[in-house]
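Here are my notes on the model you sent over. Have it open beside you as you read.

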Amino acid sequence: MTTVKPETLAAQALHAIDRETGAIVPPIVLSTTYARGEDYRPIGGLVYARDESPAPKQTEAVLAALEGGAAALVFSSGMAAATTAIRALLRPGDHVVAPRACYFGVRVWLERFCARWGVALDLVDMSSTAAVRGALRAGKTRLVWAETPANPTWELTDLEAVAELAHGAGARLAVDSTVGTPVHTRPLALGADLVMHSATKYLSGHSDVLAGALVTAKADDWWAEIAQLRHDEGAVLGPVEAFLLARGMRTLFVRVERQSATALALAERLAALPGITVRYPGLPSHPQHALARKQMLGGFGGMLSIHTGSGAERALAVAAKTRVWVRATSLGGVESLIEHRFTAEGPATVAPPDLLRLSVGLEHPDDLFGDLRAALEAP
Ligand SMILES: Cc1ncc(COP(=O)(O)O)c(C=O)c1O
């Protein structure tokens with residue numbers, strides 16, 4: 001195929017046309033097993049659905065192209081993707097550097113995994129390149145895990161700088177780019193070795209698929225071990241979910257661009273309200289706004305957080321009063337969600353008690369702003 005822009009790749013799902021029927025939407029093949037010919041060779045090259053099947057393969061090809069990677073694999077969830085990647089690399093005695101502020105589930109799992117398997121873990125402020133430099137142990141650090149922008153405070157990691165530091169110490173850099181999406185951030189082009197997505201979020205985009213994905217810069221030993229683990233353990237994505245994910249990715253760019261534009265408009269309007277602090281990489285008040293402008297492409301994402309002041313009680317009271325924003329966990333769907341991460345994460349949380357996380361959907365910005373303002377101003 002001629003070289004085309006990512007928007008075109010996504011919309012056409014790599015120009016996928018079913019060879020047999022001419023269907024421009026690929027059929028969903030539900031078969032778990034595939035026939036062999038008299039010579040005992042698999043007729044269509046496929047053997048068994050825990051290895052590979054058509055819809056996941058097609059989805060992986062689109063993802064690899066969007067991230068500019070050598071290959072991609074889809075998983076049954078974002079957590080399955082993250083934990084498979086980490087387990088495939090780390091051995092007892094290794095050292096890993098990860099962010100203090102990142103998706104709660106990954107941090108808590110990493111703490112448990114590292115304690116159990118004799119892996120040293122440093123949780124650092126990844127918005128500080130100096131902190132990463134200070135934590136690295138040459139020859140011992142095997143992995144640097146980053147998330148940018150990072151949940152739920154939307155700090156950024158300077159991927160180019162951290163990739164160079166990690167490689168200098170003999171470590172690999174993996175990036176959870178769930179919130180950045182291939183629309184706004186291209187970690188592999190900035191030097192990362194691996195990109196991870198909770199495809200449950202923006203990639204599928206409609207809050208109806210649980211899925212994860214990994215994209216590698218190189219088909220190296222780490223990647224072979226990741227593929228082996230997925231095969232052995234079976235955390236694969238089913239054909240229906242893979243179909244829905246591929247379908248969602250066709251509209252990735254229009255959704256995310258609109259969500260980012262609305263998020264920026266909301267961030268600006270909310271920041272003008274008395275007593276409200278807004279965290280959003282697109283605002284000049286964000287401590288890493290300059291890095292965001294350099295590292296993020298065409299927008300700053302659809303996620304922001306606000307501090308309502310006066311602790312958890314006030315934040316929960318505001319959330320209780322929204323009528324347009326839906327009170328629910330997760331992010332990246334077409335409907336806007338409001339979440340009190342402090343409550344959702346429980347005792348091990350590091351989320352500030354007065355913080356409300358906002359996932360901006362596709363509603364009209366005036367409705368979203370009006371609803372939040374009314375909730376904030378209600379007695
Ligand atoms: C940034 C980020 N990474 C990873 C995950 C985990 O993904 P999943 O819920 O698909 O397992 C999430 C889920 O909320 C997330 O927000």
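1. The second largest pocket comes to about 290 Å³. A pocket here is an open set of points on a 1 Å grid over the protein atoms alone, where a 1.4 Å probe fits, with protein on both sides within 12 Å along at least five of seven lines. The volume is the space filled by probe spheres set on the points, which are joined across faces, edges and corners.

2. This is a predicted model, with local features needing pLDDT of at least 70 and side-chain atom pairs counted only at pLDDT 80 or more, while totals for chains, interfaces and linings use all residues. Numbering starts from 1 along each chain as its sequence is written, and side-chain values use heavy atoms, leaving out hydrogens and water.

3. Back to that second largest pocket: 20 residues line it (an atom within 4 Å of a point). Closest to its centre sit Gly78, Met79, Tyr103, Ser198 and Lys201. The elements giving two or more residues to this lining are α3 (78-89) and β6 (194-198); helices (H or I, at least four residues) and strands (E, at least two) are DSSP runs, numbered from the N terminus.

4. For the largest pocket, the volume is about 720 Å³. Its lining has 22 residues, with Ala16, Asp18, Pro26, Pro54 and Gln58 nearest the centre. Here α2 (54-67) and α9 (239-250) are the elements that give two or more residues.

5. Now the strands: β2 (residues 95-99) runs parallel to β3 (residues 120-124), and five bridges join them (pairing takes at least two DSSP bridges). Pro99 stands opposite Val124 in β3.
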